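This report sets out selected features of the structure shown below. It begins with a question about one residue and then turns to other parts of the model.

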Amino acid sequence: MKRGMVVALVIVVGATFALLARSGSHSPAEAGLTKVIPIDAAGRETFAPAPPDAKPVMSADEAIATFERTDPDFILPKDATVSLGLYTAAVGDGTFRFDHALAYGLNYELCLPLQHEVPDSVEAPCDFWLFIDANTGEMLEGEEATAGISAG
Amino acid sequence: VLVVGAASLIFLPGFSAQATACPNLAIDFQDEVWAPGANVNAFRAPLVFRKNGSVCSPEGTSSIWIAIQASAGTQNGGISQRGWIHASGLGYCRFWEWNDNLGNPDSDSGVQVQHCGDDADGAVRDLKVAKAYIQAEHIYTYAIYDCGTSGWSTCTLEDAGPDSSNFGNSWGAAAAEVHYGGVLCTDDMLGSQNQQVKWGGADPIQGIKELGGVWDVRPLTYQDRSICGQFVSPTHTDSQFNVYDSNT
């Protein structure tokens, strides 16, 4: 009986450690959107303030935790900020991949290299956005902000 | 109890060993080029994805893709590409990217990642880049398509891509690319000896040369940057291209 209790205690404590560590990815600071942010240089993607009465199903922490379960390799940087907003991504032919989708936008520094050769003078953009569905926690997409970057 | 707790930490996702730092990125790649002369109208291949290896932190990447790209640019010029990427801190994702002016970031879509964590090792997707007419702007672009896992009949237009008129001459490309840290080739290319990345095969790597033409297998030109000796391509025929990292 005592042995059974010890085993149960070990399992409970181990699971607690696991849960604490799993959510050990901190809560990002809330940035709060006040204006429409153009994301890409071509003007196809934007992130706009959510309407005041927007009621996402998930909190930012819940949405991030859901995404982390799908993508265990994701590492939330300590400098990340989060904003609730409306993500729009135009395909460029008049249709949309996402049209005012209620999303949490995680913004942090990540210099993802362009996946092709570039002249030496060109540096990778370093302003990364990751958009997560605010109702389901599913990833919408992630991208470097290239709007406003000057030529190298 | 502490031992059990520590063991839990070890096996938790996201608690992998510290990745190698990559202060000065360098690029290495291998590719096969479909170059029938003048412009390429469309290019496609089924692509087998592999999840393995490590990339340096914070910005190391390893990717595999197909593309149509300018052949006359000083350093590739315009490009429209679709594939998979292993990116530090993001994991394994689908991606697309395009650029229409000699690689400057202000004319680049930036890397667009999607479905991070969704695809299994060994997944096969049919990927395509093809010229498309954009009615609203009265231009042709090199549009980026994902045709899923069941053939070429149903394709999703991911992005209209760049204006094709900026490309000049173009060719199709199937490529494996790695951005690793500095002098040492510390990043792993996707694929291992027994589980290789593969373009084509039973359904080959194909292109269309002229607008309105038919899908066609043509001679492919194999290029190996050969900076990182562990990146291997045992198969580079006209219809199939395999690569893997011999260190994994």
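Leaving aside its neighbours within four places in sequence, with which residues is Gly181(B) in contact? In this predicted model, the contacts of Gly181(B) beyond that range are Cys22(B), Asn24(B), Leu25(B), Cys56(B) and Thr186(B). Gly181(B) belongs to strand 10 of chain B, which covers residues 170–181. With a relative accessible area of 10%, Gly181(B) is buried, since buried means under 20%. Gly181(B) and Glu59(B) are 122 residues apart in sequence, yet their C-alpha atoms are 8.8 Å apart in space.

Asn41(B) is located in the loop between strand 1 and strand 2 of chain B. Its relative accessibility is 8%, so Asn41(B) counts as buried. When residues up to four places away in sequence are not counted, Asn41(B) touches Ile68(B), Ala130(B), Lys131(B), Tyr142(B), Ile208(B), Lys209(B), Glu210(B) and Leu211(B).

**Chain A as a whole**

Chain A contains 2 helices and 7 strands. Read from the N terminus, the order of these elements is α-β-β-β-α-β-β-β-β. Of the 152 residues in chain A, 47% are buried. Where contacts in chain A join residues at least 6 apart in sequence, 59% of them join residues at least 24 apart. The accessible surface of chain A is about 7500 Å², and carbon and sulfur atoms account for 60% of that area.

**The second largest pocket**

The second largest pocket holds about 470 Å³ of space. Its lining consists of 20 residues, and those that lie nearest the centre are Pro113(A), Val118(A), Val122(A), Leu25(B) and His179(B). By residue class, the lining comprises 12 nonpolar, 4 polar and 4 charged residues. Strand 1 of chain B (residues 25–34) gives the most to this lining, namely 3 residues. Leu25(B), named here among the residues nearest the pocket centre, is also one of the contacts of Gly181(B).

**Aromatic pairs**

A pair of aromatic rings is described by the distance of the centres and the angle of the planes. Over all chains, the count comes to 14 aromatic pairs.

| Pair | Centre-to-centre distance | Angle between planes | Arrangement |
|---|---|---|---|
| Phe49(B) and Tyr92(B) | 6.2 Å | 65° | edge-to-face |
| Tyr222(B) and Phe241(B) | 6.1 Å | 65° | edge-to-face |

Why are these pairs classed as edge-to-face? The planes of Phe49(B) and Tyr92(B) are at 65°, and the planes of Tyr222(B) and Phe241(B) are also at 65°; the class follows because planes over 60 degrees apart count as edge-to-face.

Phe49(B) lies in the loop between strand 2 (42–48) and strand 3 (61–70) of chain B, whereas Tyr92(B) lies in strand 5 (residues 91–99), so their pairing ties together parts that are 43 residues apart in sequence. Phe49(B) is buried at a relative accessible area of 1%, and Tyr92(B) also counts as buried, at 10% relative accessibility.

In the other pair, Tyr222(B) is part of strand 13 (residues 220–224) and Phe241(B) of strand 15 (residues 240–245) of chain B, so the parts tied together are 19 residues apart in sequence. Tyr222(B) is partly exposed, with a relative accessible area of 26%, whereas Phe241(B) is buried at 0% relative accessibility.

In chain A, ring pairs link Phe47(A), Tyr87(A), Phe98(A), Trp129(A) and Phe131(A) into a cluster.

**Backbone geometry**

Most residues other than glycine have a negative phi, and most peptide bonds are trans. Several residues of this model are to be read against that background. The peptide bond that joins Ser57(B) and Pro58(B) is cis, with omega about 10°. Pro58(B) is in the loop between strand 2 and strand 3 of chain B, and Phe49(B) lies in the loop between these strands as well.

His100(A) is not a glycine but has a positive phi of about 55°; it lies in strand 5 of chain A, residues 96–109. His115(B) likewise has a positive phi, near 50°. Its location is the loop between strand 6 (112–114) and strand 7 (124–134) of chain B, and at a relative accessible area of 32% His115(B) is partly exposed.

Conventions
Residues are numbered from 1 along each chain as its sequence is written. Chains are lettered from A and ligands numbered from 1 in the order in which they are written. This is a predicted model: local features need pLDDT of at least 70, side-chain atom pairs count only at pLDDT 80 or more; totals for chains, interfaces and linings use all residues. Side-chain values use heavy atoms; hydrogens and water are left out. Helices (H or I, at least four residues) and strands (E, at least two) are DSSP runs, numbered from the N terminus. Buried means under 20% relative accessible area, exposed over 50%, partly exposed in between (1.4 Å probe, protein chains only). Contact means heavy atoms within 4.5 Å. Accessible areas come from the Shrake-Rupley method with a 1.4 Å probe; for residues, only the protein chains shown count as cover. On a 1 Å grid over the protein atoms alone, a cavity is a set of points where a 1.4 Å probe fits but cannot get out, and a pocket is an open set with protein on both sides within 12 Å along at least five of seven lines; lining residues have an atom within 4 Å of a point. Grid points are joined across faces, edges and corners, and a volume is the space filled by probe spheres set on the points. Ala, Val, Leu, Ile, Met, Phe, Trp, Tyr, Cys and Pro count as nonpolar, Asp, Glu, Lys and Arg as charged, and the others, Gly among them, as polar. Rings of Phe, Tyr and Trp (its six-membered ring) pair if their centres lie within 6.5 Å; planes under 30 degrees apart count as stacked, over 60 as edge-to-face and the rest as tilted.
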